[in-house]
Amino acid sequence: MGIITGLFTFLYHFPQIYKWLLKPYYIVSFSMTVAFLLVRKTPGLCEHLSSARDDGNSCEFDWRELEILMFLSAIVMMKNRRAITMEQHIGNLFMFSKVANVILFFRLDIRFGILYLALCVAFVMTCKPPLYMGPEYIKYFSDKTIDEELQRDSRVTWIVEFYANWSSECQSFARIFADLSLKYNCAGLRFGKVDIGRYSDISERYRISTSPLSKQLPSLLLFQGGQEVMRRPMVDNKGRAVTWTFNEENIIREFNLNEIFQKSKKLNKSMSLREKQNSAQPEEGSDELLENSDSNQPTESKKDQ
């Protein structure tokens, strides 16, 4: 049943997966994921490999290799139970497949193992997952603008994501946060992001650790009246984040987005009405005043443009 569900999920997301695989990062990752399979099954190459099979067929997996591959499948399935986005599913598959490939290549030939491990290190140092570039209603803060923007209007509620570009969890969460901004952004409810991997003083100011061991990235903070009201994930006394799943349902429920959005829409209507009243010009003689003022101003000509 799990295999059938996974197959239908894959077919449903196939157009999106196809676009991902066309990107260089995923092309290289996919190639490294199936590297051992290609080496073991490629005619002309597999005949020269060693094998622990009784029949001596070096172009087929031996029992230890099958055991490692089955263990890999179990690990990926367990990790993907907590995965939210398709990027996380594919990322887990690529990561654990590379680990399994390192073990398989070292077991096959230490020279292959060293070569593959060197390729993995070079890949990690030079290739980064593509950043989310889709539509969003998000304001990006710097260390000089975040405090000013949060305190500019006490009527505006802000939901701010504290992230780092190197964090795979932040990269996977980017699409979810962007979708929420498209659904809930309005005059009284705004969405913001700040890269605390770049602005380390902000992480200290808002008490968010950037250490991978702390598990505090990403962090979502809710600000009302310029003051922090709540954050997720919460942090225990030892500075470690309390486990919390960053999916759309949890964020909407924990942050009461539907209730805040309804209140913010009323604020949006009142602000629009006030702008209309300010832009109105009911005074008599205003047209004449404008005509007189325009006559004293220099007019634009094509030569001046």
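Guide: Strand 2 (residues 157–163) and strand 4 (residues 219–224) run antiparallel and are joined by six bridges. The model is predicted: local features need pLDDT of at least 70 and side-chain atom pairs pLDDT 80 or more, while totals for chains, interfaces and linings use all residues. Numbering starts from 1 along each chain as its sequence is written, and side-chain values use heavy atoms, leaving out hydrogens and water.

Visitor: What makes strand 2 and strand 4 a pair?

Guide: Two strands pair if DSSP finds at least two bridges between them. Strand 2 and strand 4 have six bridges, so they pair. Within that pair, Val160 stands opposite Leu221 of strand 4. The strands (E, at least two residues) and helices (H or I, at least four residues) are DSSP runs numbered from the N terminus.

Visitor: What is the order of the strands in the open sheet, and which strands stand at the edges?

Guide: The open sheet has five strands in the order 1-3-2-4-5, and its pairing is mixed. Strand 1 (139–141) and strand 5 (227–232) stand at the edges; each has a single partner strand, so one side of each lacks a neighbour in the sheet. From one strand to the next the twist averages 30°.

Visitor: Which helix lies across strand 2, strand 3 and strand 4?

Guide: Helix 9 (residues 168–184) lies across them, running at about 160° to strand 3 (189–195).

Visitor: Why is helix 3 called oblique to helix 6?

Guide: Helix 3 (residues 24–33) and helix 6 (residues 86–108) pack at about 40°, with their axes 9 Å apart. That angle makes helix 3 oblique to helix 6: angles under 35 degrees count as roughly parallel, over 145 as roughly antiparallel, 65 to 115 as roughly perpendicular and the rest as oblique. Axes are lines fitted to C-alpha atoms, for helices over the stretch in contact, and angles between N-to-C directions run from 0 to 180 degrees.

Visitor: Which residues make the contact of helix 3 with helix 6?

Guide: Helix 3 contributes Tyr26, Ser29, Phe30, Met32 and Thr33, and helix 6 contributes Glu87, Ile90, Phe94, Ser97, Lys98 and Asn101 (contact means heavy atoms within 4.5 Å). Five of these contact residues are nonpolar, four polar and two charged. Ala, Val, Leu, Ile, Met, Phe, Trp, Tyr, Cys and Pro count as nonpolar, Asp, Glu, Lys and Arg as charged, and the others, Gly among them, as polar.

Visitor: What makes helix 3 roughly antiparallel to helix 7?

Guide: Helix 3 and helix 7 (residues 110–126) pack at about 160°, with their axes 12 Å apart. That makes helix 3 roughly antiparallel to helix 7, because the angle is over 145 degrees. In this contact, Tyr25, Val28, Ser29, Met32 and Thr33 of helix 3 meet Tyr116, Leu119, Cys120 and Phe123 of helix 7. The residues divide into seven nonpolar, two polar and no charged.

Visitor: How do you know that helix 5 and helix 6 are roughly antiparallel to each other?

Guide: The axes of helix 5 (residues 63–80) and helix 6 come within 10 Å and cross at roughly 160°. Helix 5 and helix 6 are therefore roughly antiparallel. The residues that meet include Leu69, Leu72 and Ile75 in helix 5 and Leu93, Phe96 and Ile103 in helix 6. By class, this contact of helix 5 with helix 6 has 10 nonpolar, five polar and four charged residues.
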